[in-house]
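I opened my notebook to record what I could look up in this structure, one topic at a time. The entries below follow the order in which I looked.

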Amino acid sequence: MRGWQITEPGKIGEINKIESLSGVDSVKIKLTRTLITEEDVAIFAGDEKSVKLPIIPGRAAVGQITELGQQSAYLDKGTRVFLSPVKPCGECYHCTSGKPEKCYSFKVAGRNSDGFLKDFAVLDSDEIYPLPQTVKDDDAVYIDYVTLAVSAIDKLAIEKGQHVAIFGSSVLGSIIAQLIIYYQGVPILVGNDDNELLLAKKSGIYYTVKASPRTDKEVASFTSGRMAEKVVYLTRSGIPAELAYKVAAPSATVALVGYSSPNLKVPFGTAMNKQLTNVCVTNGYGNAEAAINILSNKAIDLSNYKLPVTKMEAIEKNLAERLEIYKAGNPVPGLLVNMLG
């Protein structure tokens, strides 16, 4: 296996080791695409103190099966698959009680277990999901975002016609907003970046708002003064959480959504005064098949979010460039790595 490992903040180097089948249920996959995200860059910067180095980054990846531990009725060599980045620990109370979806300590690729910035990976067969021909590799890398979006919408229990304010206009925010439309809600997307808001408009999101001290007044105008019954706050949005709580209607539900909570300051005084319900969504475990169906049925439009593709040899240069963008406080663009060469 050829891979890249973050050894210390700001340093990444190539490693080589053997990836072998670990049992009859294991599957070896040749990775074709790996997605590098702002989350990976934050870990590279050393800002995620809970992440122990060294670690291989890369939470999202797709590939093709090259070996199977045993014959399978639905998997074969050459099958294109999405690799699940989240795995229950198998040891906590919920895991041992048959409720792995409530695991206390999920193993997460690129955070507390090695990620997918490598050319081969070995996973158990229940951690991979076959991809239909209608879902291309460059869209399939977003499946983890879609699973997270589905989890957020499920926890919010959005009803038809409800206004949902989403704070964060990244591709994740756009996916959540588009899925809210799919489930017949009315999204209001709030963001800091004009280009991101323009892309959201092109993707069919009608209500978009530039984050400002007047955001609550704009949301009020869209909702006839009722404000938002449900609110999604992306933890890496760069928008003050106070704004999200300000636009929430009394007794509304606020979902804090993201893979981590960098410097998150939640205004619990506002939450208590308005009697708000807070829910946290950090992964989309259990929603991979639903996410694949959503992409296969073209329920969301990702055509405006095509990412640049780089070769493996340029990984160190690309991460160094994104580190400078991150340190400057600007949105870090995603990057697809062609793991075939």
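**Entry 1: ground rules.** The model is a predicted one, in which local features need pLDDT of at least 70 and side-chain atom pairs count only at pLDDT 80 or more, whereas totals for chains, interfaces and linings use all residues. Residues are numbered from 1 along each chain as its sequence is written, and side-chain values use heavy atoms, with hydrogens and water left out.

**Entry 2: L35 and its strand.** I looked up L35 and found it in strand β3, which covers residues 26-36. Is L35 buried or exposed? I noted that buried means under 20% relative accessible area, exposed means over 50%, and partly exposed lies in between, with a 1.4 Å probe and protein chains only. L35 has a relative accessible area of 3%, and therefore it is buried. I then checked the strand as a whole and found β3 mostly covered, since eleven of its eleven residues are buried.

For contacts I used the rule that heavy atoms must lie within 4.5 Å. Not counting residues up to four places away in sequence, L35 touches D40, G58, R59, A60, V141, Y142, L307, L335 and L336. I also looked up L68, which is 33 residues from L35 along the chain, and the C-alpha atoms of the two are separated by 25 Å.

**Entry 3: the partners of β3.** Strands of a sheet pair through backbone hydrogen bonds, either parallel or antiparallel. Two strands are taken to pair if DSSP finds at least two bridges between them. Which strands pair with β3 in the antiparallel sense?

- Strand β8 (residues 120-124) pairs with β3 over five bridges in the antiparallel sense, and D124 in β8 is the bridge partner of S26.
- β4 pairs with β3 over eight bridges, again antiparallel, and A60 in β4 stands opposite L35.
- Strand β17 (residues 335-338) pairs with β3 over four bridges, also antiparallel, and L335 in β17 is the bridge partner of I36.

**Entry 4: a parallel sheet.** Next I traced an open sheet of six strands, whose order is β12-β11-β10-β13-β14-β15 and whose pairing is parallel. Its edge strands are β12 (207-210) and β15 (277-281), each of which pairs on one side only. From one strand to the next the twist averages 20°. Within this sheet I looked at β10 (residues 163-167) and β13 (residues 228-234), which pair in the parallel sense over four bridges, and I found I166 opposite V232 in β13.

**Entry 5: helices on the sheet.** For directions I noted that axes are lines fitted to C-alpha atoms, for helices over the stretch in contact, and that angles run from 0 to 180 degrees between N-to-C directions. Helix α4 (residues 143-156) lies across β13, β14 (248-257) and β15, and runs at about 160° to β15. Helix α6 (residues 194-202) packs on the sheet as well, touching β11 (186-191) and β12, and its direction makes about 175° with that of β12.

**Entry 6: helix against helix.** Two packed helices are described by the angle between their axes and the distance between the axes. I noted the classes too: angles under 35 degrees count as roughly parallel, over 145 as roughly antiparallel, 65 to 115 as roughly perpendicular, and the rest as oblique.

I found α4 and helix α5 (residues 171-182) packed at an angle of about 50°, with their axes 9 Å apart, and α4 is therefore oblique to α5. The contact is made by Y145, V146, L148, A149, V150 and I153 of α4 and by V171, L172, I175, I176, L179 and I180 of α5. I sorted these residues by the rule that Ala, Val, Leu, Ile, Met, Phe, Trp, Tyr, Cys and Pro count as nonpolar, Asp, Glu, Lys and Arg as charged, and the others, Gly among them, as polar. The contact of α4 with α5 divides into twelve nonpolar, no polar and no charged residues.

I then compared helix α10 (residues 288-296), which packs with α4 at about 110° with the axes 8 Å apart, so α4 is roughly perpendicular to α10.

How values were computed:
Helices (H or I, at least four residues) and strands (E, at least two) are DSSP runs, numbered from the N terminus.
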